[in-house]
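Reader: I would like to take a close look at one part of this molecule, and I would be grateful for a careful account that goes on from there to the charged side chains.

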Amino acid sequence: MDEAVVGFYCKECAGAAISLSGQQRDSYPESIRLIELPCLGRVSALHIIEAARLGVAGVFLAGCAENRCHYRSGDASAAEQRRLAEELLAEAGLDVPIEQWHLCAVDRTSVARRLRLFHARAFFPLVHIVHHRARFPNAIDSLYQSPVELFSGLGLFMGVVLLI
């Protein structure tokens with residue numbers, strides 16, 4: 001299974017958008033873990049840092065539409081906590097993508113599509129990073145690339161050979 005992506009979301013606007021997405025049978029990766037909060041303003045930098053410490057591939061915060069928080073300033077509080085968490089994670093040398101979204105149930109963009117795109121962006125560095133750790137790469141280092149990269153590279157090579 002892929003590395004988990006954790007999403008904290010408010011039960012108001014973001015919760016309605018996620019529920020509507022589920023009713024439309026939109027799917028997203030099973031490794032995304034959703035955590036409902038009464039308001040996104042309740043999320044703490046400690047929640048984000050703990051998720052990063054446990055090894056998640058990414059964290060997203062989904063709240064009400066911009067400037068429409070049901071609890072007045074939840075999105076602003078979450079943005080401050082996100083900024084603080086990003087600073088602390090940078091000091092610790094942990095590179096975990098963190099995004100904050102403003103969702104609305106009537107938004108035309110599918111929530112599941114957004115989740116899939118974030119998951120792909122958060123997970124890609126974990127797949128791609130292995131062979132970039134070598135200081136002086138050579139042919140032997142290609143053994144350490146992921147199977148996805150190996151087969152996509154072979155597929156591209158064979159495609160070019162067939163075109164020539």
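Reader: Which residues form a nonpolar patch on the surface, and about how much accessible area do they have together?

Author: The patch is formed by Leu150, Phe151 and Leu154, which together have about 300 Å² of accessible area. This is a predicted model, in which local features need pLDDT of at least 70 and side-chain atom pairs count only at pLDDT 80 or more, while totals for chains, interfaces and linings use all residues. Residues are numbered from 1 along each chain as its sequence is written, and side-chain values use heavy atoms, with hydrogens and water left out.

Patches are made of residues with over 30% relative accessible area and no salt bridge, like charges being joined within 9 Å and nonpolar side chains (Val, Leu, Ile, Met, Phe, Trp, Tyr) within 5 Å; the areas come from the Shrake-Rupley method with a 1.4 Å probe, and for residues only the protein chains shown count as cover. Leucine 154 belongs to helix α5, residues 147-163, where helices are DSSP runs (H or I, at least four residues) and strands likewise (E, at least two), numbered from the N terminus. With a relative accessible area of 44%, leucine 154 is partly exposed, since buried means under 20%, exposed over 50%, and partly exposed in between (1.4 Å probe, protein chains only).

Turning to the charged side chains, four salt bridges are found in the whole structure, a salt bridge being a side-chain nitrogen of Lys or Arg within 4 Å of a carboxyl oxygen of Asp or Glu. In helix α2 (residues 45-53), arginine 53 and glutamate 50 are three residues apart, so they are separated by about one helical turn, and their side chains meet in a salt bridge at 2.6 Å, N to O. Arginine 53 is exposed at 57% relative accessibility, whereas glutamate 50 is partly exposed at 34%.

Helix α3 holds arginine 83 and glutamate 80, three residues apart, about one turn of the helix; their closest N and O atoms are 2.4 Å apart in a salt bridge, and both Glu80 and Arg83 are linked with Glu87 in a network of salt bridges. Arginine 83 is partly exposed, with a relative accessible area of 35%, and glutamate 80 is partly exposed at 38%. Also in helix α3, arginine 82 and glutamate 86 lie four residues apart, and their side chains meet in a salt bridge at 3.5 Å, N to O.
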